[in-house]
Amino acid sequence: MDFGCGVGHYTIPAAQAVGPAGHVYALDKDGRVLQQLGAKAQDLGLSNIEALQTAGELRINYPDEAFDVILAYDVLHYPERREPLFTEFRRVLKEEGFLSVYPKHRRGDHPLPSLGRMFLDDVIEEIGQAGFGPKRRFYERLLHDDSYNQGIVLNFSRRARSWR
Ligand SMILES: C[S@@+](CC[C@H](N)C(=O)[O-])C[C@H]1O[C@@H](n2cnc3c(N)ncnc32)[C@H](O)[C@@H]1O
């Protein structure tokens, strides 16, 4: 499940990675980006993406343990409070699944420094409070809007471990 999927920079590769037998659930509050995602998926012949427009609520309208993987990429700077979202992520993630976050727009980040209000340590703390343990972290070249930048991706599991 790709929460705040936008036009699908990460939804499309995820759909390609899981293949025709898998599904990617793409959630966004903006119907226009979902239309662009739908057009792109059609061009690429991908029929395993299920797009859902939400009203921006942090309640995720899926049953407990619905998903193997949750992506929250370049979206964590949006909600006023992130804790309810992390609690929902834990509820809808399978026991063996993992949560992957790309916390873009941290304090001092570029571009758009005015969006950068959160601190990485706070995000890690909040995710831990919601019942996740660290799994893996990457510092990689990542797609942000239409250009690349270096960024951090953190993966968390429902079982406490330590960073690899
Ligand atoms: C900056 S874009 C990132 C898109 C994509 N994840 C990426 O990394 O390229 C953030 C997206 O999250 C969506 N979004 C923000 N808050 C949301 C919420 N509460 N529920 C659903 N979508 C949300 C926005 O509409 C926007 O399309």
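Which pocket is the space taken by the ligand? It is the largest pocket. A pocket here is an open set of points on a 1 Å grid over the protein atoms alone, with protein on both sides within 12 Å along at least five of seven lines. A molecule sits in one if more than half of its atoms lie within 2 Å of its grid points.

Some ground rules. This is a predicted model, where local features need pLDDT of at least 70, side-chain atom pairs count only at pLDDT 80 or more, and totals for chains, interfaces and linings use all residues. Residues are numbered from 1 along each chain as its sequence is written, and side-chain values use heavy atoms, with hydrogens and water left out.

Gly counts as polar here, and Tyr as nonpolar.

Now the polar contacts, meaning pairs of N or O atoms within 3.5 Å. A polar backbone atom of G4 is 2.7 Å from a ligand nitrogen. For G56, a backbone N or O atom lies 3.0 Å from a nitrogen of the ligand. For K29, that distance is 3.2 Å. Alone, the ligand exposes 600 Å², and the protein buries 89% of that. Those areas come from the Shrake-Rupley method with a 1.4 Å probe.

Next, the pocket itself. Its volume is about 710 Å³, counted as the space filled by probe spheres set on the grid points. The lining has 31 residues, each with an atom within 4 Å of a point. G4, D28, D74, V75 and Y78 lie nearest the centre. β1 (2-3), β2 (24-28) and β6 (133-144) each give two or more residues to that lining. Strands are DSSP runs of E, at least two residues; helices are H or I, at least four.

On to the second largest pocket. It holds about 260 Å³ of space. M1, V18, H23, V24 and V69 are the closest to its centre, out of 14 lining residues. β4 (67-73) gives the most, with four residues. The lining divides into 10 nonpolar, two polar and two charged.

How many cavities of 30 Å³ or more does the structure hold? One. In a cavity, a 1.4 Å probe fits but cannot get out.

Methods
Polar contact = N/O pair within 3.5 Å; in protein donor to acceptor, adjacent residues only side chain to side chain.
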